[in-house]
Amino acid sequence: MAGQPIPFLRPALHALVRGPWRTLWIVSPSLHLAALQGLLPELERAGAEIRVLTDLSYQAIGDGRVELAALQRLRRLEGCEVRWQPDLGACIYASDEGGALVGSGPLTLDGLDGPRQYGVHLAEAGPVLSDLEQWWESARRLSPQEWAALEERVGLRRNALRIGAEITRLGAFVRVSAHGTRRTRRLDPRDFGVLALGNVRLRPMDVTLCRLDLVSRAKDELDAILAERGLEWNGQYLVPRHFLEQEWPGIFAAREKQLAEDLRSPEQQAAVAAQLAQARSAIAGFLGDLYPFVDADGRPADQWVAEQLERLVPEGLAAAVCAEAGVEYRVLTILPEDARSIAEMDELLRDPRLRSVQLTLPI
């Protein structure tokens with residue numbers, strides 16, 4: 001099956017499309033409208049059949065390898081059908097009478113005119129057409145609903161990329177959070193199987209087991225730093241990229257180191273232990289009031305109260321609280337590929353207070 005070398009694909013493809021032919025094959029993993037335009041006068045002939053195999057994944061279309069406008073134009077041609085062939089790598093243009101052009105160039109401007117593209121024209125294309133028939137039968141035909149869903153999803157992706165392009169050069173969302181600042185336990189008599197008896201009303205009690213004020217102060221300091229350099233929006237800080245990459249790590253590391261030292265200090269350990277002792281005293285009084293209404297299986301009041309205290313405020317809780325406490329920050333990443341996110345980001349970008357912001361777009 002000898003063929004003629006084709007160093008320039010566009011003239012050979014135009015000659016093939018000019019015909020004659022009754023059935024034309026376009027097999028290409030990439031499709032661009034600019035490359036298709038010059039073929040349209042010949043493709044619009046009446047009574048002909050055009051079979052197009054390409055990649056119809058939303059990734060391929062969203063990334064621009066296959067242009068939605070080219071697909072829409074092909075689908076408007078009388079007698080033309082487009083099917084999805086996954087894992088397509090071949091570039092083949094063939095007809096039932098004009099042979100086949102097999103090469104490296106997809107149906108794009110670079111593919112047809114690129115200086116490093118090459119092809120072979122096969123005058124006898126029977127084996128190629130036989131293979132193409134098998135590919136065609138195994139290819140996927142999209143329903144009208146699937147075409148509509150594909151177009152909608154691609155539109156959302158394009159809007160997402162448009163928004164990303166507007167803000168990708170600036171900064172990032174940062175959220176500072178603290179843990180271990182407050183631990184409050186709501187004690188409800190129902191937790192102990194006790195209900196109100198007669199006119200006696202048993203009310204729940206809120207007990208603050210610990211409050212690490214120095215963690216709250218550390219978070220407030222970091223919040224103040226961000227407020228000076230960024231803009232707060234929706235509870236998050238929008239900070240410049242250079243600040244996030246160059247200044248922020250050192251600032252946060254210094255605050256985090258100082259906080260860790262403070263939490264390990266004897267003074268802080270004693271303060272937390274005193275807070276927990278005060279909480280244990282308050283809880284013991286609460287449980288002592290409950291005891292007359294509790295079925296304690298004959299256990300003395302002091303023993304029952306001690307057991308419940310250990311369950312609610314165990315030994316070693318002070319050290320565990322200090323060990324778990326701290327501050328952290330997260331850089332939020334968003335790829336807004338849904339209508340709500342796109343609308344929210346458009347609204348944010350129109351905010352006149354906005355000075356510098358970036359979304360880090362995951363790949």
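Asp297 is exposed, with a relative accessible area of 64%; exposed means over 50%, buried under 20% and partly exposed in between, using a 1.4 Å probe on protein chains only. Asp297 sits in the loop between H11 and H12. Its phi is near 55°, a positive value in a residue other than glycine. Asp87 also has a positive phi, near 60°. Asp87 lies in the loop between strand E4 (80-84) and strand E5 (91-95). Helices (H or I, at least four residues) and strands (E, at least two) are DSSP runs, numbered from the N terminus. Most residues other than glycine have a negative phi, and most peptide bonds are trans. A cis peptide bond joins Gly19 and Pro20, with omega about 15°. Pro20 belongs to the loop between helix H1 (9-18) and strand E2 (23-27).

This is a predicted model: local features need pLDDT of at least 70, side-chain atom pairs count only at pLDDT 80 or more, and totals for chains, interfaces and linings use all residues. Residues are numbered from 1 along each chain as its sequence is written, and side-chain values use heavy atoms, with hydrogens and water left out.

| Residue | Class | Relative accessible area |
|---|---|---|
| Asp87 | exposed | 81% |
| Asp297 | exposed | 64% |
| Lys257 | exposed | 57% |
| Ser216 | buried | 19% |

Ser216 lies in helix H9. Leaving aside neighbours within four places in sequence, Ser216 is in contact (heavy atoms within 4.5 Å) with Thr181 and Arg182. Lys257 is found in helix H10. The C-alpha atoms of Lys257 and Gly326 are 9.9 Å apart, although 69 residues separate the two along the chain.

**Overall fold**

The protein chain has 14 helices and 13 strands. Of its 363 residues, 43% count as buried. Among contacts between residues at least 6 apart in sequence, 79% join residues at least 24 apart.

**Nonpolar cores**

A nonpolar core is a set of buried Ala, Val, Leu, Ile, Met, Phe, Trp, Tyr and Cys residues joined through side-chain atoms within 4.5 Å. The largest holds 42 residues. Val215, Leu222, Trp248, Leu276, Ile283 and Leu287 touch the most other members. At least two residues of this core come from each of strand E8 (171-179), strand E10 (205-211), helix H9 (213-229), helix H10 (241-264), helix H11 (266-290), helix H12 (301-312) and helix H13 (317-324). A second, separate core of 38 residues includes Ala12, Ile61, Leu74 and Val82. Ile283 touches Leu187, Val207, Leu209, Leu309, Leu312 and Val313, not counting residues up to four places away in sequence.

**Packing of H11 on H13**

The axes of H11 and H13 come within 9 Å and cross at roughly 125°. Axes are lines fitted to C-alpha atoms, for helices over the stretch in contact, and angles run from 0 to 180 degrees between N-to-C directions. H11 and H13 are therefore oblique to each other: angles under 35 degrees count as roughly parallel, over 145 as roughly antiparallel, 65 to 115 as roughly perpendicular and the rest as oblique. From H11, Gln268, Gln269, Val272, Ala273 and Leu276 meet Leu317, Ala318, Ala319 and Cys322 of H13. By class, this contact has seven nonpolar, two polar and no charged residues. Ala, Val, Leu, Ile, Met, Phe, Trp, Tyr, Cys and Pro count as nonpolar, Asp, Glu, Lys and Arg as charged, and the others, Gly among them, as polar.
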